[in-house]
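Biologist: I am new to this structure and would like to learn how to read it. Could we go through it feature by feature?

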Amino acid sequence: MIGKTECFMLPVLHDLYENRKNQEGISAIFLYPLNALIASQRKRMHAWCSALEGVNYALLTGDTVNRE
């Protein structure tokens with residue numbers, strides 16, 4: 001069963017995968033209004049990005065330690 005998350009996230013990940021060209025930098029940003037929402041998606045995001053060679057992700061929340 002495909003849920004709301006998959007309906008918007010999978011097409012973006014597919015596009016990133018299809019258009020990857022050894023580039024550096026940020027190609028897409030997903031904004032969530034609550035940490036709890038991305039926390040519930042973390043497992044899926046990890047599984048999807050791990051399966052797509054050349055597509056990496058990072059989660060930045062209010063709990064992320066500032067690295068200067």
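Predicted model: local features only at pLDDT ≥ 70, side-chain atom pairs only at ≥ 80, totals over all residues.

Biologist: Where is Leu59 placed?

Modeller: Leu59 belongs to the segment after H2.

Biologist: How many helices and strands does the chain have?

Modeller: The secondary structure amounts to 2 helices and 0 strands. Helix H1 covers 4-18 and helix H2 covers 35-51, with a loop between them.

Biologist: What describes two packed helices?

Modeller: The general idea is that the angle between the axes and the distance between the axes describe such a pair. In this model, H1 and H2 pack at about 30 degrees, and their axes are 12 Å apart. Angles under 35 degrees count as roughly parallel, so H1 and H2 are roughly parallel to each other.

Biologist: Is the crossing of H1 and H2 left-handed or right-handed?

Modeller: H1 and H2 cross in a right-handed way.

Biologist: Which residue is 38 residues from Trp48 along the chain?

Modeller: That is Leu10, and the C-alpha atoms of Leu10 and Trp48 are separated by 8.4 Å. Leu10 is part of helix H1. Its relative accessibility is 33%, so Leu10 counts as partly exposed.

Biologist: How far apart in space are Ala28 and Ala47, C-alpha to C-alpha?

Modeller: Ala28 and Ala47 are 17 Å apart in space and 19 residues apart in sequence. Ala28 sits in the loop between H1 and H2. Ala28 counts as partly exposed because its relative accessibility is 31%.

Biologist: Does Ile29 count as buried or exposed, and why?

Modeller: Ile29 has 60% relative accessibility and therefore counts as exposed, since the cut-off for exposed is over 50%. Ile29 is in the loop between helix H1 and helix H2.

Biologist: Which residues make the nonpolar surface patch?

Modeller: Ile26, Ile29 and Leu31 make a nonpolar surface patch of about 410 Å².

Biologist: What about the chain as a whole?

Modeller: Of the 68 residues in the chain, 16% are buried. The C-alpha trace spans about 40 × 30 × 15 Å along its principal axes.

Notes: Residues numbered from 1 in each chain as written. Heavy atoms only, no water. Patch = residues over 30% accessible without salt bridge, like charges linked within 9 Å, V, L, I, M, F, W, Y side chains within 5 Å. Areas by Shrake-Rupley, 256 points an atom, 1.4 Å probe, with all protein chains shown as cover. Salt bridge = Lys/Arg side-chain N within 4 Å of Asp/Glu carboxyl O. Helix = DSSP H or I, 4+ residues; strand = E, 2+ residues; numbered from the N terminus. Buried < 20%, exposed > 50% of the residue type's maximum accessible area, 1.4 Å probe, protein only. Axes fitted to C-alpha atoms, helices over the stretch in contact; angles between N-to-C directions. Parallel < 35°, antiparallel > 145°, perpendicular 65-115°, else oblique. Left-handed = near helix turned anticlockwise from the far one by under 90°.
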